[in-house]
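Thanks for asking me to look this one over. Here are my notes, point by point, for you to read alongside the model.

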Amino acid sequence: MISDDYSFILSIFVGMKDDFKHKGLRKKLVDTLKMKGIRDERVLEAINTVPRHLFMDSGFVGHAYVDKAFPIAADQTISQPYTVARQTELLEVDKGDKILEIGTGSGYQTAVLLELGAVVYSIERQNELFKKTSLFLPKIGYRPKKLIFGDGYQGYAEEAPYDGIIVTAGAPFVPKPLLAQLAVGGRLVIPVGEAVQVMTVITREGPKKFVRKEYGEYRFVPLLGDKN
Ligand code: SAH
């Protein structure tokens, strides 16, 4: 296992620094998110801490702290900071909560969840991204419990139930296995729809009781399945 000291030194050698300039830009980003209505101080602090520029391909580092989505590998995107903040806020993560993320992508959302003290499982279906992010996160000190190469439509039954499940791609419908894998009291945060998605929170209030609320429209890359 790589020690934290070693990974810090390694990060300097491969140009992964986080200096006062990045920190200043992050503060401004946090102010923007507050203005747009993000209220949860713990979520804002997590955004203020995670070095988003390190999750993006080098050519785009200058864009890391504007509130926009950006291309990563395999035709995917790192979600817009507002979207990450809003989904995380809706997930209501407490320290020690067991969280399943669908769509690891760059690992940025994973890192935000880890900053909140969650125990994180995350699934990615693109092998290239799965491999890249599996190597990258520990390099900068983020250790999810497990990254899984697989199909998020199935969830990850091996570790169920989860206190929260967050889907970071647009789902044409709510996959049944995700509901089945929620703990009672747990929440599923999922953008539902085809071209445009409605941010949907489904809370499991009892073994058979699910309560659904909607929180506005978003645009995500699609949650892909066997047929697409
Ligand atoms: N959370 C990511 C967002 C990445 S975009 C971040 O912070 O960067 C959505 C991701 O979902 C993409 O990486 C895409 O490959 C992945 N994805 C799409 N369909 C999936 C599926 N069925 N199972 C798991 N991951 C999926």
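1. A term to begin with: a polar contact is a pair of N or O atoms within 3.5 Å; within protein, one must be able to donate a hydrogen and the other to accept it, and residues adjacent in sequence count only if both atoms are side-chain atoms. The side chains of H53 and H22 make such a contact, at 3.5 Å. H53 sits in the loop between α3 (41-49) and β1 (70-71), with helices (H or I, at least four residues) and strands (E, at least two) being DSSP runs numbered from the N terminus.

2. Is H53 buried or exposed? H53 counts as buried because its relative accessibility is 3%; buried means under 20% relative accessible area (1.4 Å probe, protein chains only).

3. Please keep in mind that this is a predicted model, where local features need pLDDT of at least 70, side-chain atom pairs count only at pLDDT 80 or more, and totals for chains, interfaces and linings use all residues. Residues are numbered from 1 along each chain as its sequence is written, and side-chain values use heavy atoms, leaving out hydrogens and water.

4. Now to the ligand. Which atoms of the protein lie 2.6 Å from a ligand nitrogen? A backbone N or O atom of L224 does. In the side chains, an N or O atom of S106 is 2.7 Å from a ligand oxygen, and one of D151 is 3.0 Å from a ligand nitrogen.

How values were computed:
Buried means under 20% relative accessible area, exposed over 50%, partly exposed in between (1.4 Å probe, protein chains only).
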